[in-house]
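Visitor: I have a model open and want to learn how to read its features. Can we go through them one by one?

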Amino acid sequence: MYWYVLFVETGKEAFVREMIREHFSEKVKCLLPLKRVREKKSGWFYERIIPLFPSYLFIQADMKLLDHKDLLKIPNTYCILKNSSNDMNMDRNSYLKSISEEEMTFILKLLNQEDTVDYSDIRITDGKMEVISGPLLNYKDNIQKIDIRNSKAKIKLNLSYLERTIYVPINVIRSATLVEVIDA
């Protein structure tokens, strides 16, 4: 069974996931990666959980046993991402674009048991970054930028045909410098 990307209406990802689980429980595994974000509203910080890839669901299915048009009958579902070829002689299963195992493994290793990206602890000392714990521990090389103010790290992710920049939550731990110790 391969992983595919299902394009759905923004904000309806959880609804479509539940409909897939209800109608295709045996045939299709559905994944909605989520992330935690901190937001400041009226001087207070709140934590929300939002989709890591808005408008996209990952499904694992054997498309030889399942007609992809059955999935598209679910409300708020637009399409399964496809190869760019318009060759009508192409087998319908090769027409759909699957995600490679290594790309999907990268995404799955970022997620916890609730399919959510948890906070990674990052220490910044003298302008150098060190990942202490969390899902980014093995992916330090994939971090492009750290946004200390908003507590997030920018990561570039290539899914064969879908190049995305994602932001994952972090906790920034600053090491005390000599000046900070003296002032305290």
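Visitor: Is aspartate 70 buried, partly exposed or exposed?

Guide: This is a predicted model, so keep that in mind throughout. Buried means under 20% relative accessible area, and exposed means over 50%. Aspartate 70 has 30% relative accessibility, so it counts as partly exposed.

Visitor: Which residue forms a salt bridge with aspartate 70?

Guide: Look for a Lys or Arg side-chain nitrogen within 4 Å of a carboxyl oxygen. For aspartate 70 the partner is lysine 73, with the closest N and O atoms 3.6 Å apart. Lysine 73 is exposed, at a relative accessible area of 66%.

Visitor: How many salt bridges does the structure hold?

Guide: Seven salt bridges. One of them joins arginine 21 to glutamate 18. Their closest N and O atoms are 3.4 Å apart.

Visitor: How far apart are arginine 21 and glutamate 18 along helix 1?

Guide: Three residues, so about one helical turn separates them. Arginine 21 is partly exposed, with a relative accessible area of 37%. Glutamate 18 is partly exposed too, at 38%.

Visitor: Which residues are linked with that pair in a network of salt bridges?

Guide: The network links Arg17, Glu18 and Arg21. Arginine 17 lies in helix 1, which spans residues 13-23.

Visitor: Is arginine 17 buried or exposed?

Guide: Apply the cut-off of 20% again. Arginine 17 has a relative accessible area of 15%, so it is buried.

Visitor: What does arginine 17 touch?

Guide: Leave out residues up to four places away in sequence. Arginine 17 then touches Cys30, Leu32 and Leu57.

Visitor: Which strand supplies the largest share of the lining?

Guide: Strand 3, with six residues. Strand 3 covers 34-41. Strand 13 (162-174) also supplies at least two residues.

Visitor: How do the lining residues divide into nonpolar, polar and charged?

Guide: Six are nonpolar, two are polar and seven are charged.

Visitor: Glutamate 39 was on your list for the pocket centre. Which residue forms a salt bridge with glutamate 39?

Guide: Arginine 48 does, with the closest N and O atoms 3.1 Å apart. Glutamate 39 is partly exposed at 33% relative accessibility. Arginine 48 also counts as partly exposed, at 42%.

Technical notes: Residues numbered from 1 in each chain as written. Predicted model: local features only at pLDDT ≥ 70, side-chain atom pairs only at ≥ 80, totals over all residues. Heavy atoms only, no water. 1 Å grid on protein atoms, 1.4 Å probe; cavity = no way out; pocket = protein on both sides within 12 Å on 5 of 7 lines; lining within 4 Å. Helix = DSSP H or I, 4+ residues; strand = E, 2+ residues; numbered from the N terminus. Nonpolar A, V, L, I, M, F, W, Y, C, P; charged D, E, K, R; others polar. Buried < 20%, exposed > 50% of the residue type's maximum accessible area, 1.4 Å probe, protein only. Contact = heavy atoms within 4.5 Å.
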